[in-house]
Amino acid sequence: GEYGLSFSDKPKALWKNLSGSSADINLMLLMFLKKAGIKAEPVFFSTLDHGLVNEDFINYQQFNNLAVYVRLGDDAFLLDATTKFRPFNVLPDAYINGSGLIVRDGEPEWVSMSLNREVAIQTTTSNFEIDLEI
């Protein structure tokens with residue numbers, strides 16, 4: 001439920017305490033992906049309740065969260081590790097708000113936060129037994 005743009009504590013302390021902001025969690029994901037040899041980058045964006053970003057005037061105060069951008073071959077993915085059972089390649093609804101900013105080699109690049117076109121579907125199956133004895 002907490003947003004941010006950088007680590008709120010040292011990564012080892014966050015890992016030990018098992019808690020942190022969405023930025024803490026996603027920056028850890030970013031570190032793990034890079035350690036595994038996967039090219040990943042942070043993408044800074046504004047959540048729905050924070051407002052839209054003005055792409056013509058880049059100011060860090062416009063952003064209040066970050067996700068992870070991964071390109072594998074011709075495919076690009078936006079990843080978020082803050083929700084335990086969220087399907088791969090599906091961002092929380094609050095994240096889909098215009099564009100996010102990736103800064104690589106000093107060059108800004110805008111990416112649509114609706115890049116993930118997957119639809120999250122949850123199916124629940126239940127068995128009920130009705131006792132009609134009166």
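Q: In this predicted model, is E41 buried or exposed?
A: Burial is read from relative accessible area, and the cut-off for buried is under 20%. E41 has 12% relative accessibility, so the residue counts as buried.

Q: Which residue does E41 form a salt bridge with?
A: Side chains of opposite charge can pair when their charged atoms come close. Here the partner of E41 is R104, and the closest N and O atoms of the two are 2.7 Å apart. The pair links distant parts of the chain, with E41 in strand β1 (residues 40–45) and R104 in strand β4 (residues 99–104).

Q: Which other residue forms a salt bridge with R104, and how far apart are the closest N and O atoms?
A: E109 does, with the closest N and O atoms 2.1 Å apart. E109 is partly exposed, its relative accessible area being 28%. Through shared partners, the salt bridges join E41, R104 and E109 into one network.

Q: How many salt bridges does the structure hold?
A: The count is 2.

Q: How many helices and strands does the chain have, and what pattern do they follow?
A: There are 2 helices and 5 strands. Along the sequence, the order is α-α-β-β-β-β-β.

Q: How does one read the length of helix α2?
A: The span from the first C-alpha to the last is set against the value expected at 1.5 Å a residue. Helix α2 covers residues 22–35, which is 14 residues, and reaches 20 Å, close to the expected 20 Å.

Q: Which residues of α2 are buried?
A: In α2 the buried residues are S22, A23, D24, N26, L27, M28, L29, L30 and L33.

Q: What share of the chain is buried, and how is the accessible surface made up?
A: Of the 134 residues in the chain, 34% are buried. The accessible surface comes to about 9,500 Å², and carbon and sulfur atoms account for 53% of that area.

Q: What do the contacts say about sequence separation?
A: The contacts considered are those between residues at least 6 apart in sequence. Among these, 53% join residues at least 24 apart.

How values were computed:
Residues numbered from 1 in each chain as written. Predicted model: local features only at pLDDT ≥ 70, side-chain atom pairs only at ≥ 80, totals over all residues. Heavy atoms only, no water. Helix = DSSP H or I, 4+ residues; strand = E, 2+ residues; numbered from the N terminus. Expected span 1.5 Å × (residues − 1). Buried < 20%, exposed > 50% of the residue type's maximum accessible area, 1.4 Å probe, protein only. Contact = heavy atoms within 4.5 Å. Areas by Shrake-Rupley, 256 points an atom, 1.4 Å probe, with all protein chains shown as cover. Salt bridge = Lys/Arg side-chain N within 4 Å of Asp/Glu carboxyl O.
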